[in-house]
Amino acid sequence: MEELEMQVSQIEQLIANEDFVGLEEFLNELNISEVEELIDELPEHGPLFIESLNLNRAVNVFRILDFPTQNRIFKRLSKAKISALINELPPDDRTSFFSEMKDDIKHLILLLPPKDRVEALALLGYPEDSVGRLMTPDYITVKAHWSIERILGHIRRYGKDSETIDVLYVIDSNGKLIDDIRIKDVLMAEPETIVGDLIDYRLISLNAYDPQEEAINIFRMNNRVALPVVDGQGVMLGIVTVDDILWLANEEYTEDMQRIGGTEALDEPYLDVSIKNLVKKRAGWLIVLFLGQLLTATVIEHFEEQMASAIMLFALMPVIISSGGNSGSQASTLIIQAMALGEVTLSDWWRVMRREILSGLLLGLILGALGFLRIMAWQSFAHTYGEYWVLVALVISLSLIGVVLWGSLMGSMLPFVMKRLGADPASSSAPFVSTLVDVTGLLIYFTVATLILKGVLL
């Protein structure tokens with residue numbers, strides 16, 4: 001932190017003295033992550049930093065910035081720097097940037113040479129959340145009959161243009177992917193060895209139209225730095241590298257956390273979001289939750305007259321509704337996380353339901369027993385609940401069992417419903433589940449109380 005403060009101070013001094021040569025030398029000596037931190041600290045000078053960096057470093061810094069920062073800087077760059085950046089950005093990063101741009105990007109695509117222009121349009125032609133939008137066409141392919149000596153010559157000639165040379169891809173004469181081989185195996189083999197001798201046919205590939213979330217799960221389950229992307233006929237189209245997957249996973253995690261918290265996903269860092277947009281993102285869910293709580297008030301009003309003679313039941317009401325909401329939020333969060341990790345799919349709903357019925361029942365019994373003990377303890381010391389305290393304790397116990405069981409079921413099943421409807425399961429967030437369980441929990445509580453205490457206290 002102290003080092004960053006010193007760098008900020010030096011930068012401000014150089015800018016104040018209009019020493020732009022010194023600024024260029026200073027920035028080009030830093031790691032790209034340090035430049036990114038300086039852009040966060042001094043956002044008004046971001047365009048100047050990118051202009052000052054040499055092209056290769058400017059590209060590497062630009063590609064690790066979040067899109068709102070990229071867009072803000074991009075609009076203030078010189079035409080020469082814009083053209084150079086667009087041409088030097090790796091195809092996958094360029095596609096990602098173009099995909100996020102709200103403005104017309106035709107004039108940017110026209111800055112590319114014809115070959116890159118066709119490539120950019122092809123990548124942008126894939127669905128927005130598909131693997132095709134993540135892939136790069138820069139990779140090394142070899143043929144099964146090639147020798148190790150020929151492969152190494154091929155890498156020396158074309159390797160500098162490849163996204164990675166850690167993995168080589170074996171294709172046939174029609175461009176179909178046969179297998180992939182690691183560079184380690186190539187380097188360890190004898191020069192006269194042919195590629196076919198290294199193939200083991202244990203190939204893992206992605207389809208260009210696969211959802212990006214599926215790619216995250218496949219990378220998570222397999223120790224790979226890159227995976228090939230093919231079309232429906234098995235023809236190789238590109239590769240997806242692990243750095244892109246890490247960025248994507250971070251974005252997905254951030255969006256899910258925001259939705260679980262009961263807001264729409266923010267499109268930019270919190271401190272960069274205007275108050276107007278922040279209110280817009282949060283207001284929708286708050287209104288929905290408020291309307292849900294109005295239903296809670298309606299249920300209370302409906303039972304108010306019946307419960308008037310047993311006022312202690314209202315005092316115990318928060319215990320019931322909070323327990324149901326908590327159990328529902330727990331179940332919802334667990335299932336959303338399991339879905340995100342690929343541990344649970346739509347077809348697993350019945351298995352999940354059975355597990356939640358059993359666990360919800362056991363959790364309800366635990367809380368029900370604690371509730372009964374609480375009533376008994378208060379009755380022993382203060383005689384709070386009168387001669388029918390056992391019935392009151394029974395109402396609390398049975399209500400807790402029913403509400404916790406119901407909360408667990410609702411919290412676990414709502415993500416499946418959202419997924420089946422094509423929505424993000426994270427949208428069945430903890431506040432949403434809690435509000436729904438509040439309403440139904442009160443119905444359970446007051447119904448149990450009416451059945452047990454009717455003719456006695458009611």
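Student: Which residues make the nonpolar surface patch of about 500 Å²?

Tutor: The model is a predicted one. Membership of a patch requires over 30% relative accessible area, and nonpolar side chains are joined within 5 Å. The patch of about 500 Å² is made by Leu363, Ile366, Leu367, Leu370, Leu373 and Met376.

Student: In which helix does Leu370 lie?

Tutor: Leu370 is one of the residues that make the nonpolar patch. The helix that holds Leu370 spans residues 349–382. This element is helix H18.

Student: Which elements give two or more residues to the negative patch?

Tutor: The negative surface patch is formed by Glu2, Glu3, Glu5, Glu37, Asp40 and Glu41. Among them, Glu5 lies in helix H1. The elements that give two or more residues to this patch are helix H1 (2–16) and helix H3 (32–41).

Student: Which helix gives the most to the lining of the second largest pocket?

Tutor: The second largest pocket holds about 510 Å³ of space, and 20 residues line this pocket, with Pro91, Glu119, Asp138, Asp161 and Ser162 nearest its centre. At least two lining residues come from each of helix H7 (79–88), helix H8 (91–100), helix H10 (114–124) and helix H11 (148–158). With three residues, the helix that gives the most is H10.

Student: How far apart are the closest N and O atoms of Asp180 and Arg224?

Tutor: Side chains of opposite charge can pair when their charged atoms come close. Asp180 lies in strand S3 (residues 177–182), and Arg224 lies in the loop between helix H13 (212–221) and strand S5 (226–230), 44 residues apart. A salt bridge requires the nitrogen and the carboxyl oxygen to be within 4 Å. Asp180 and Arg224 form such a bridge, and the closest N and O atoms are apart by 2.9 Å.

Terms used:
Residues are numbered from 1 along each chain as its sequence is written. This is a predicted model: local features need pLDDT of at least 70, side-chain atom pairs count only at pLDDT 80 or more; totals for chains, interfaces and linings use all residues. Side-chain values use heavy atoms; hydrogens and water are left out. Patches are made of residues with over 30% relative accessible area and no salt bridge: like charges are joined within 9 Å, nonpolar side chains (Val, Leu, Ile, Met, Phe, Trp, Tyr) within 5 Å. Accessible areas come from the Shrake-Rupley method with a 1.4 Å probe; for residues, only the protein chains shown count as cover. A salt bridge is a side-chain nitrogen of Lys or Arg within 4 Å of a carboxyl oxygen of Asp or Glu. Lys and Arg count as positive and Asp and Glu as negative; His and the chain ends are not counted. The place of a charge is taken as NZ of Lys, CZ of Arg, CG of Asp or CD of Glu. Helices (H or I, at least four residues) and strands (E, at least two) are DSSP runs, numbered from the N terminus. On a 1 Å grid over the protein atoms alone, a cavity is a set of points where a 1.4 Å probe fits but cannot get out, and a pocket is an open set with protein on both sides within 12 Å along at least five of seven lines; lining residues have an atom within 4 Å of a point. Grid points are joined across faces, edges and corners, and a volume is the space filled by probe spheres set on the points.
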